[in-house]
Amino acid sequence: MYPTEIVQPMKEELTDSGFSEMLTPDEVNSQLEQKGTTLVMINSVCGCSAGSARPGVLMAVANGKKRPDHLTTSFAGYDLDAVRALREKLLPYPPSSPSIALFKDGELVHMIERHQIEGRPAQMIAHNLIAAFDQYC
């Protein structure tokens, strides 16, 4: 597990922008069972998370004409039980962090895996998400 002093600023980058944390399996289940759309950012300490995933998610939420009803996050390697429960909801996609998922009425409708984040600029991630918001939100 990562030390809190390393993880906390990376968590706050999202929570300071309105994302709620899912810290337990029960929180994951209750959040994803809500009506409407839920954006889930599986946060991580890796460079692609800081370089494109978190900034891309924040860009999409700030600039999309439509946006999800609920903004949520869990941190891989730190919120262990919550991420394990979340990854069950993301099947058949393999575990991937960072990753970004959009749920509608509890159903996974859009997924961006780590291999789709690595080496891509934040703007490309944002455009991908904005298109998903336009379609599902």
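## Pairing and the sheet

Two strands count as paired when DSSP finds at least two bridges between them. Keep that in mind for what follows, which describes a predicted model. Here, Thr 37 in the chain faces Lys 104 of strand 4.

Zooming out, there are five strands in an open sheet, ordered 1-3-2-4-5, with mixed pairing. The edges belong to strand 1 (20-21) and strand 5; each has a single partner strand, so one side of each has no neighbour in the sheet.

Strand 2 covers residues 37-43, and seven of its seven residues are buried. In a regular strand, side chains alternate between the two faces of the sheet. So which residues of strand 2 sit on one side, and which on the other? Thr 37, Leu 39, Met 41 and Asn 43 take one side, Thr 38, Val 40 and Ile 42 take the other, and all are buried, which leaves both faces covered.

On one flank you'll find strand 4 (residues 99-104), running antiparallel to strand 2 and joined to it by six bridges. Leu 39 is one of the residues involved, standing opposite Leu 102 in strand 4.

Strand 3 (residues 70-75) is also a partner of strand 2, this time in the parallel sense, again with six bridges. Met 41 has Thr 73 as its bridge partner in strand 3. To get from strand 2 to strand 3, the chain goes through helix 3 (residues 47-63), making a right-handed β-α-β crossover.

How many of the six residues of strand 4 are buried? Five are, so the rest of the structure largely encloses this strand.

Besides strand 2, strand 4 pairs with strand 5 (residues 107-112), in the antiparallel sense and over five bridges. Ala 101 has Met 111 of strand 5 as its bridge partner. The hairpin that these strands make has two residues between them, and Asp 105 there takes a positive phi near 50°.

## Helices across the sheet

Helix 4 (residues 80-89) lies across strand 2, strand 3, strand 4 and strand 5, and runs at about 120° to strand 3. Helix 5 (residues 122-136) lies across strand 2, strand 4 and strand 5, and its angle to strand 5 is about 160°.

Technical notes. Residues are numbered from 1 along each chain as its sequence is written. This is a predicted model: local features need pLDDT of at least 70, side-chain atom pairs count only at pLDDT 80 or more; totals for chains, interfaces and linings use all residues. Side-chain values use heavy atoms; hydrogens and water are left out. Buried means under 20% relative accessible area, exposed over 50%, partly exposed in between (1.4 Å probe, protein chains only). Helices (H or I, at least four residues) and strands (E, at least two) are DSSP runs, numbered from the N terminus. A crossover is right-handed if, with the strands pointing away from the viewer, the path from the first strand over the helix to the second runs clockwise. Contact means heavy atoms within 4.5 Å. Axes are lines fitted to C-alpha atoms, for helices over the stretch in contact, and angles run from 0 to 180 degrees between N-to-C directions.
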